[in-house]
Amino acid sequence: MINVHYRIVEHEGGWAYKVEDVFSERYATHDEAREAAERAAAGQRRPGTTEDIEYQDEAGNWHEEVSQGKDRPETDVTG
């Protein structure tokens, strides 16, 4: 199972949440950033619908897969 980690960090004179190397928008307070991260994390866990997907990899090859709507990552928020 995939794990998505949201970290609350200081950013641009305020606070943001960060997933890997990507920052969210800036929030004025730590609490606002944490609340936003909690909402985003909950959205990641919410089941969706099963769909066929197509994507192109780094080598330019196309792939087709079935994305299971119930196959959701585990999430956590720290900081």
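Which residue in the turn of the E2 and E3 hairpin has a positive phi? Glu20 does, at about 55 degrees, in a turn that leaves two residues between E2 and E3. The model is a predicted one, in which local features need pLDDT of at least 70 and side-chain atom pairs count only at pLDDT 80 or more, while totals for chains, interfaces and linings use all residues. Residues are numbered from 1 along each chain as its sequence is written, and side-chain values use heavy atoms, with hydrogens and water left out.

The protein contains one helix and six strands. Helices (H or I, at least four residues) and strands (E, at least two) are DSSP runs numbered from the N terminus. Read from that end, the order of elements is β-β-β-α-β-β-β. With a radius of gyration of 16 Å, well over the 12 Å that the globule rule gives for 79 residues, the protein is more spread out than a compact globule. That radius is taken over C-alpha atoms, and the rule is 2.2 Å times the number of residues to the power 0.38. Along the principal axes, the C-alpha atoms fill a box of roughly 45 × 30 × 15 Å. Of the 79 residues, 24% count as buried, a term for under 20% relative accessible area, with exposed meaning over 50% and partly exposed lying in between (1.4 Å probe, protein chains only).

Four strands make up an open sheet of mixed pairing, in the order E3-E2-E1-E6. Two strands count as paired if DSSP finds at least two bridges between them. Strand E3 (22-23) and strand E6 (74-78) are the edge strands, each pairing on one side only. E1 and E6 run parallel and are joined by five bridges; within E6, Val77 stands opposite Tyr6. Helix H1 packs on this sheet and touches E1, strand E2 (14-19) and E6, its direction making about 165 degrees with that of E1. The axes behind this angle are lines fitted to C-alpha atoms, for helices over the stretch in contact, and angles run from 0 to 180 degrees between N-to-C directions.

The remaining pairings of the sheet are antiparallel hairpins. E1 and E2 pair in the antiparallel sense over five bridges, with Glu10 opposite Trp15 in E2. Two residues lie between these strands, and Glu12 in the turn has a positive phi of about 50 degrees. E2 and E3 also run antiparallel, joined by two bridges, and Phe23 in E3 is the bridge partner of Lys18.

A nonpolar core here is a set of buried Ala, Val, Leu, Ile, Met, Phe, Trp, Tyr and Cys residues joined through side-chain atoms within 4.5 Å. The largest one has 10 residues: Val4, Tyr6, Ile8, Tyr17, Tyr27, Ala33, Ala36, Ala37, Ala41 and Val77. H1 gives the largest share, four residues. In soluble globular proteins, nonpolar side chains tend to be buried together. Ala33 is in contact (heavy atoms within 4.5 Å) with Ile8, Trp15, Ala16, Tyr17 and Tyr27, leaving aside neighbours within four places in sequence.

Ser24 lies in the loop between E3 and H1. Ser24 counts as buried because its relative accessibility is 15%. Residues up to four places away in sequence not being counted, Ser24 touches His11, Ala16 and Tyr17.

A search of the whole structure finds one salt bridge, defined as a side-chain nitrogen of Lys or Arg within 4 Å of a carboxyl oxygen of Asp or Glu. The side chains of Arg34 and Glu38 form it, at 3.3 Å from N to O. Arg34 and Glu38 are four residues apart in helix H1, and so are separated by about one helical turn. Arg34 is partly exposed, at 27% relative accessibility, and Glu38 is likewise partly exposed, with a relative accessible area of 35%.

Strand E4 (residues 51-56) and strand E5 (residues 62-67) pair in the antiparallel sense over six bridges, and Ile53 stands opposite Glu65 in E5. Five residues lie between the strands of this hairpin, where Gly60 takes a positive phi near 90 degrees.
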